[in-house]
Amino acid sequence: MLESLLVNENKNIIDAWKQMSLNAKKIVFCVNDQGVLTGVLSDGDIRIQLIKSENIKTKIKDVMNRNFVYATDKESKADILAKIKGMITIIPIVNDDFIPVDYFEYKMDTHIPIAIPNLGGNEFNYLMDAFLSTWISSKGDYILRFEEEFSKYCFAGMKKNFGVAVSNGTVALHLALVALGIGEGDEVIVPDLTFAATVNAVLHAGATPVIVDIEQDSWCIDPKEIEKAITPKTKAVIPVHLYGQPCDMKSIMDIAKKHNLLVIEDCAEAHGAEFEGQKVGTFGDVGCFSFFANKVITTGEGGMCITANQELADKMRTLRDHGMSKTKRYWHDCVGFNYRMTNLQAAIGLAQLERIDLILKEKENLENLYKKQLEKFDNIHFQLSDIPGRKKITWMISILYDGDKEKLMQNFTDNKIEVRPFFYPLSDMPIYKDYVFSSKVAKEISKKGMNFPTNKIVNIELINKIGECI
């Protein structure tokens with residue numbers, strides 16, 4: 001970890017900012033060409049410098065703090081605590097040659113968040129490029145590039161792939177429903193265990209949701225329950241790849257073909273997940289993604305619809321852009337929406353997409369570390385990663401807990417560790433009661449489920465602290 005805190009003083013402040021994203025500590029130790037410590041720099045120092053000069057190429061040595069607190073490798077923990085007096089969280093530890101050999105982190109009052117955006121690539125460079133181009137709204141090269149590259153990533157070599165960038169994942173679902181002609185009088189089958197955006201999009205489209213139960217092992221929508229719930233009014237199904245786990249897309253697509261149903265995949269939490277070697281989002285008529293700040297890759301807020309159908313993609317773009325004609329400006333062919341993403345958001349998204357495989361690998365490694373450190377607990381059950389045909393990704397570290405979950409979560413809160421419960425089943429909420437078909441398993445999974453911190457600052461020490469809470 002020390003290596004990720006070090007940056008050469010001759011580099012630019014943006015290089016320092018990237019390094020901070022890699023270490024998730026909001027600080028770097030500045031060294032000269034000989035490796036000698038010469039200063040420290042915080043994210044706050046960089047923000048102040050950018051406001052003052054707007055020069056992203058400012059040298060680190062010109063703005064770093066040369067009057068900083070440090071410790072030597074001969075000082076005891078008590079000596080260091082007395083020196084920092086709880087005011088500073090991270091300080092360098094140096095040897096006799098003033099070369100950093102370690103660091104000391106004061107964590108007494110540190111809050112451990114559930115998620116932190118991973119912004120260690122070209123995000124700032126692309127964002128500034130988009131900003132300086134003055135194309136900061138819903139037109140610009142980055143939107144087109146992000147749409148093209150993300151759809152190519154998902155369809156992975158398939159000839160036809162189209163992406164339609166939108167303002168968030170919820171409107172991606174709504175846009176897909178409307179573009180597919182789903183509305184009043186139609187029924188759309190959705191899983192009981194999902195974020196409310198899934199069912200809300202159906203209601204906003206004027207259709208009637210039908211809420212069905214989930215599988216015990218995958219926590220995803222149960223194909224058997226889908227088939228039971230089909231009526232003459234059923235028009236579509238929205239399988240949700242929950243917490244990074246793919247649904248049984250073979251069974252779902254077989255059912256859809258048999259009953260002539262449309263399929264809209266909710267992939268908000270499953271970027272890169274696969275079923276039988278094919279990425280989610282590419283099985284149905286439309287795949288819908290979210291790029292909210294806690295998702296695998298982020299644009300802050302944002303979403304995407306992907307499809308292999310060019311006519312459908314064109315229709316979604318028209319609806320997204322106020323229903324305006326592509327050939328006659330200010331002429332509206334249909335009643336549309338303003339569901340557009342900005343060029344600034346797309347610039348961040350493109351940079352995120354460049355590192356998606358690395359981000360997914362880091363998350364997978366973290367989940368394996370959790371499993372190794374917590375395998376001694378019989379009352380903790382990790383999300384399954386070996387269901388045949390399914391290649392899940394790690395979005396959050398998702399577990400089931402046999403015990404008093406509310407008491408355990410309060411214990412985490414008291415120790416400043418942010419954990420999240422699973423979503424409430426839709427069937428538990430009065431506003432959705434009239435739409436419930438089946439719900440038994442979802443209630444059981446929701447009652448036991450929680451998500452642990454899944455970000456770059458999680459290490460063995462924190463996981464062991466989580467074990468102590470358990």
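User: Is Phe131 buried, partly exposed or exposed?

Analyst: This is a predicted model, in which local features need pLDDT of at least 70 and side-chain atom pairs count only at pLDDT 80 or more, while totals for chains, interfaces and linings use all residues. Residues are numbered from 1 along each chain as its sequence is written, and side-chain values use heavy atoms, leaving out hydrogens and water. Buried means under 20% relative accessible area, exposed means over 50%, and partly exposed lies in between, with a 1.4 Å probe and protein chains only. Because its relative accessibility is 48%, Phe131 counts as partly exposed.

User: In which helix does Phe131 lie?

Analyst: Helices are DSSP runs of H or I with at least four residues, strands are runs of E with at least two, and both are numbered from the N terminus. The protein has 17 helices and 20 strands. The one that holds Phe131 covers residues 123-132 and is helix α6.

User: Which residues have the most contacts inside the largest nonpolar core?

Analyst: A nonpolar core is a set of buried Ala, Val, Leu, Ile, Met, Phe, Trp, Tyr and Cys residues joined through side-chain atoms within 4.5 Å, and contact means heavy atoms within 4.5 Å. The largest such core has 63 residues, and those with the most contacts inside it are Phe150 and Ile189. Helix α7 (residues 141-155) gives this core its largest share, 7 residues. Leaving aside neighbours within four places in sequence, Phe150 is in contact with residues including His271, Phe289 and Leu353, and the residues asked for are Phe150 and Ile189.

User: What is the radius of gyration of the protein?

Analyst: The radius of gyration is taken over C-alpha atoms, and the globule rule is 2.2 Å times the number of residues to the power 0.38. For 470 residues a compact globule would have a value near 23 Å, which agrees with that of the protein, 25 Å.
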